[in-house]
Amino acid sequence: MPVNTPYWWDAIERETDAQPEFNSEYDAVVVGAGLTGSSAARTLAKNGASVLVLDAEAPGHGASTRNGGMVGEGHRVPLQVMAARYGMDTARDLLRETYMEPLGFVKNLIQEENLDCDFKTHGRFRGMWNKAEYDATAQSLDELREIAPMNVEMISPEKMKAEVNTNMYAGGLLIHDHGGLHPGKYLSSMVDAARRAGATVCGNTPVSGVKATGSGFEVMTDRGPVRAGSVLMATNGYTKKSFSWLKRRIFPVTVYVIATEELPPELIEELMPGGRMVVETRHRHCYYRQSPDGKRIILGARAGLSEIPFAKAQKILHGLLAEIFPKLKNVGISHCWRGNTGFSFSFLPHLGQQEGVWHAMGFSGSGNGMAPYLGNKAALNMLGVQGRETSFTKTTLETKFWHRGWPWFLPIAHALYRVVDIRENMRHLK
Ligand SMILES: Cc1cc2nc3c(=O)[nH]c(=O)nc-3n(C[C@H](O)[C@H](O)[C@H](O)COP(=O)(O)OP(=O)(O)OC[C@H]3O[C@@H](n4cnc5c(N)ncnc54)[C@H](O)[C@@H]3O)c2cc1C
């Protein structure tokens, strides 16, 4: 039986018991010790602020140590849709910033802080589900390069097998600059960097509320209140119902991931000769990669949008893996786990304030680059210093009148996606 904890947790020591003492007053309190919170804390502390980071569980309990480890952002929202919402100038800024800034930021951060996280610029292969998508992507490449100068190339179906050896795609797009890393090590080393800068990071301390006081805020915990000059909410897909304003605006989409048992090196080389991070254009959103040691294949996908039994999720994901690589039909699965990604209704991240409390969230499915990047921007805004500008203060964090905080609509959305899956399967490779 596979274990139901992330493969990444095998390589790190989680601070399940650690509860360092903390003071009763700080310049800044950050709620959530994931990539967003630890990056924000590092920047705040480096700028001389006293900082406390509180997490309800072990630091890194959320998506940051559960994800696929792919680095490099793409856009989930087409340029024209963004332009209709925010105007063409902002839409182009959002697109350029999404593609260019977070990746550059984390590459620098990894180098500057010497983060031990198995980062490598593997390149990302985006498999096209059908020929029409391949042609449309090829035609839009020049426009994309003009907005965000990136090292990208189309890979024809004939050349594809040197990247990923499957019959599933009508060719693909190769983004050379994107990378991959080990999410467990990444988060742990990011927390270490925040601590080195002077922040106190404390797990197992849920925050139950934040109240404005005359000169700042009172942060409520079961270990007593803490006074703070400013507060950042960095809870994304793990936001609790006591923060109802955010809970109505960020909904948790559950994603499942499997890791195979160790496979023969020649089999991995045969199936994934390019060593790329692979994503797809179909709405099943399969993404897969080799583990950093090159011994396993790790695959995530939409199994259900909310929680389903692990056994069912594993069966669905293993089935998808075997469709992509028939030779993996009978391999063992060592790990099957899940995590919550925080989606906004605009499908775009947002940095803003509600009643004086800052929030940075809504990464909508990605975040290894964007979460630390926006955490850093949040910190610079809290400090009011140079470099704080970002287009993501212009996105919106709207709610829907029918969403009161419990995402009852996700099973329905999943059922609708199943119809999309059927239609997509009918147009496969056409
Ligand atoms: C399965 C999966 C696969 C993914 N794959 C990729 C990928 O390959 N590439 C990529 O770029 N992105 C990926 N993502 C998305 C990415 O992991 C997230 O966007 C990113 O980690 C968000 O970081 P965060 O710090 O904002 O939130 P999180 O890491 O989720 O941290 C939030 C923290 O807040 C804490 N918290 C919540 N409420 C409270 C409270 N009241 N008091 C104290 N603490 C609280 C939680 O315990 C949690 O630790 C994936 C996500 C998932 C779930």
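These questions and answers walk through a predicted model.

Colleague: Are the axes of α1 and α6 roughly parallel or roughly perpendicular?
Modeller: α1 covers residues 35-46, and helix α6 covers residues 183-197. They pack with their axes 8 Å apart, at an angle of about 20 degrees. Angles under 35 degrees count as roughly parallel. So α1 and α6 are roughly parallel.

Colleague: Which residues of α6 make the contact with α1?
Modeller: The crossing of these two helices, α1 and α6, is left-handed. From α1 come L35, S38, S39, A41, R42, A45 and K46. From α6 come L187, M190, V191, A193, A194 and A197.

Colleague: How many residues in the contact of α1 with α6 are charged?
Modeller: By class, nine residues of this contact are nonpolar and two are polar. The count of charged residues is two.

Colleague: How many residues in the contact of α2 with α3 are nonpolar?
Modeller: α2 brings L79, M82, A83 and Y86. α3 brings M88, T90, A91, L94 and L95. One residue of the contact is polar and no residue is charged, while the nonpolar ones number eight.

Colleague: Is R85 buried, exposed or partly exposed?
Modeller: R85 is found in helix α2. Within 10 Å there are 16 other C-beta atoms. Buried takes 20 or more, and exposed takes 12 or fewer. R85 therefore counts as partly exposed.

Colleague: What is the C-alpha to C-alpha distance of G274 and N165?
Modeller: G274 lies in the loop between α8 and β13. Leaving aside neighbours within four places in sequence, G274 is in contact with F125, A162, E163 and V164. N165 is 109 residues from G274 in sequence. C-alpha to C-alpha, G274 and N165 are apart by 9.0 Å.

Colleague: Of the residues in the shell around the ligand, how many are polar?
Modeller: The ligand is surrounded by 41 residues, and the closest are G34, G62, G68, G339 and G367. α1, β12 and β16 each supply at least two residues of the shell. Of the shell residues, 16 are nonpolar and four are charged, and the polar count is 21.

Methods: Residues numbered from 1 in each chain as written. Predicted model: local features only at pLDDT ≥ 70, side-chain atom pairs only at ≥ 80, totals over all residues. Contact = placed C-beta atoms within 7 Å. Helix = DSSP H or I, 4+ residues; strand = E, 2+ residues; numbered from the N terminus. Nonpolar A, V, L, I, M, F, W, Y, C, P; charged D, E, K, R; others polar. Near = placed C-beta within 6 Å. Axes fitted to C-alpha atoms, helices over the stretch in contact; angles between N-to-C directions. Parallel < 35°, antiparallel > 145°, perpendicular 65-115°, else oblique. Left-handed = near helix turned anticlockwise from the far one by under 90°.
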